[in-house]
Amino acid sequence: MATLTALSNLAKASIANSGAAELSVLVSIDDIQLDTHFKDLFPVNEVMVSRISGSMQKKGYDKSQPLHVWKERMLLVDGHHRRLAAIKAGLREVPVFYHHFNSMEEALEYAILLQTDRRNLSDAEIYKTLQTLDSLKSRGRTTDDNEPRQQGKSAEITAQKIGISRSKVEKARTIQNKASPEIKAAVESGTMSIHAAYSDTMKQIRKKNDSTKKTPVQQWISITEQKPEENTPVLFIASSSNEQSSGYIHEGIYQHDIGQFETLHTFLTGLYWIPLSALPTKPESKGGESHV
């Protein structure tokens with residue numbers, strides 16, 4: 001059985017930049033503390049634990065793969081599979097790299113960096129990671145609280161931390177805030193992708209508003225005079241800096257916190273809108289014919 005591979009150059013550079021000691025030190029496993037923020041961030045793969053444990057029993061612990069520990073708190077930041085494998089192999093001490101972090105979020109960012117450097121995260125892992133980061137932010141434990149509240153700023157920052165697109169972050173947050181419990185559970189279990197869950201969530205929102213009473217509207221409404229209601233699909237004229245979208249009519253839901261319309265694929269700025277419920281009902285086709 002092959003031993004664990006060494007860290008990539010990017011991860012090694014991250015170690016150096018994070019204040020880790022140049023060499024690992026042997027530490028008793030019993031002295032290393034666990035925290036749910038890190039322990040539950042990525043699910044444990046029991047098959048992988050058994051494979052690593054078997055390698056440790058034959059060749060010992062590969063010192064090129066130390067555990068990463070927040071020294072001041074003795075918290076395990078990265079290496080939960082290796083820790084469990086070492087316990088299963090009967091080891092009492094493991095090599096540790098000590099780190100110094102200024103906050104829980106900074107430590108989590110480092111843990112995420114190591115994982116994304118090794119592999120691509122699944123949608124379930126991305127969703128869980130986003131929930132963890134947003135939970136810290138809501139409790140005021142994030143370093144981003146004093147940054148300007150620019151449109152889309154939060155999504156861009158989070159996207160950089162996780163290593164995904166801003167659009168995927170926005171879709172995941174829509175699921176988190178508006179999806180049904182069944183859809184959320186499907187994403188968390190890995191049986192539904194973020195894109196599919198987002199699409200189903202938007203369909204449910206539209207379906208819920210289909211029964212809304214039709215409101216006669218004579219002209220487009222200025223966004224400066226009146227803003228659309230929450231979770232209500234509308235048509236709007238895009239005024240985005242993106243030339244491909246500007247001037248076109250789109251369907252979307254106005255997000256009051258960022259002042260933009262959320263469409264199926266992105267967020268756009270609009271100056272004028274009209275309720276979707278104000279449109280006449282689509283006529284039924286006759287004689288089995290279908291017209292587009």
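Predicted model: local features only at pLDDT ≥ 70, side-chain atom pairs only at ≥ 80, totals over all residues.
Four strands make up an open sheet in the order S1-S4-S2-S3, and their pairing is mixed. At its edges are strand S1, residues 25-28, and strand S3, residues 75-78, each of which pairs on one side only. From one strand to the next, the twist averages 55 degrees. If we look at one of the pairings in detail, S1 runs antiparallel to strand S4, residues 93-99, and four bridges connect the two. Within that part of the model, Val25 stands opposite Val96 in S4. As background, strands of a sheet pair through backbone hydrogen bonds, and they can do so in either the parallel or the antiparallel sense.

Strand S6, residues 233-238, pairs with strand S7, residues 249-255, in the antiparallel sense over five bridges, and Leu235 is found opposite Glu251 in S7. S7 in turn pairs with S8, again in the antiparallel sense, over three bridges. S7 and S8 form a hairpin with four residues between them, and in the turn Gly259 has a positive phi of about 70 degrees. The bridge partner of Ile253 in S8 is Glu262, and I would ask you to remember Glu262, which returns in a moment.

Now to helix H5, residues 104-118. Its 15 residues reach 22 Å from the first C-alpha to the last, which is close to the 21 Å expected at 1.5 Å a residue. Which residues in H5 are buried? They are Met104, Glu105, Ala107, Leu108, Tyr110, Ala111, Ile112, Leu114 and Gln115.

In general, side chains of opposite charge can pair when their charged atoms come close. The side chains of Lys161 and Glu105 meet in a salt bridge at 2.3 Å, N to O. This pair links distant parts of the chain, with Lys161 in helix H7, residues 153-162, and Glu105 in helix H5, 56 residues apart. Are these two partners buried or exposed? Lys161 has a relative accessibility of 15% and therefore counts as buried, and Glu105, at 2%, counts as buried too.

Here is the return of Glu262, whose side chain meets that of Lys178 in a salt bridge at 3.7 Å, N to O. Glu262 lies in strand S8, residues 260-262, and Lys178 in helix H8, residues 166-178, so this pair ties together parts that are 84 residues apart in sequence. Glu262 counts as buried because its relative accessibility is 1%, whereas Lys178, at 23%, counts as partly exposed. Salt bridges that share partners also join Glu105, Glu109 and Lys161 into one network.

A further salt bridge is formed by the side chains of Asp40 and Lys39, at 3.9 Å, N to O. Asp40 is partly exposed, with a relative accessible area of 39%, and Lys39, at 41% relative accessibility, also counts as partly exposed.

Two C-alpha distances deserve a mention. Leu268 sits in strand S9, residues 267-268, and is buried, with a relative accessible area of 5%. Between Leu268 and Gly252 there are 8.9 Å in space, C-alpha to C-alpha, while in sequence they are 16 residues apart. The other case is Arg206, which is placed in helix H10 and counts as partly exposed at 25% relative accessibility. Arg206 and Asn231 are 25 residues apart in sequence and 8.8 Å apart in space, again C-alpha to C-alpha.

Finally, the surface. Which residues make the nonpolar surface patch of about 380 Å²? The patch is made by Trp220, Ile249, Leu271 and Tyr272. Trp220 lies in the loop between helix H10, residues 194-209, and strand S5, residues 221-222, and with 32% relative accessibility it counts as partly exposed.

Terms used. Residues numbered from 1 in each chain as written. Heavy atoms only, no water. Expected span 1.5 Å × (residues − 1). Buried < 20%, exposed > 50% of the residue type's maximum accessible area, 1.4 Å probe, protein only. Patch = residues over 30% accessible without salt bridge, like charges linked within 9 Å, V, L, I, M, F, W, Y side chains within 5 Å. Areas by Shrake-Rupley, 256 points an atom, 1.4 Å probe, with all protein chains shown as cover. Salt bridge = Lys/Arg side-chain N within 4 Å of Asp/Glu carboxyl O. Pairing = 2+ DSSP bridges. Axes fitted to C-alpha atoms, helices over the stretch in contact; angles between N-to-C directions.
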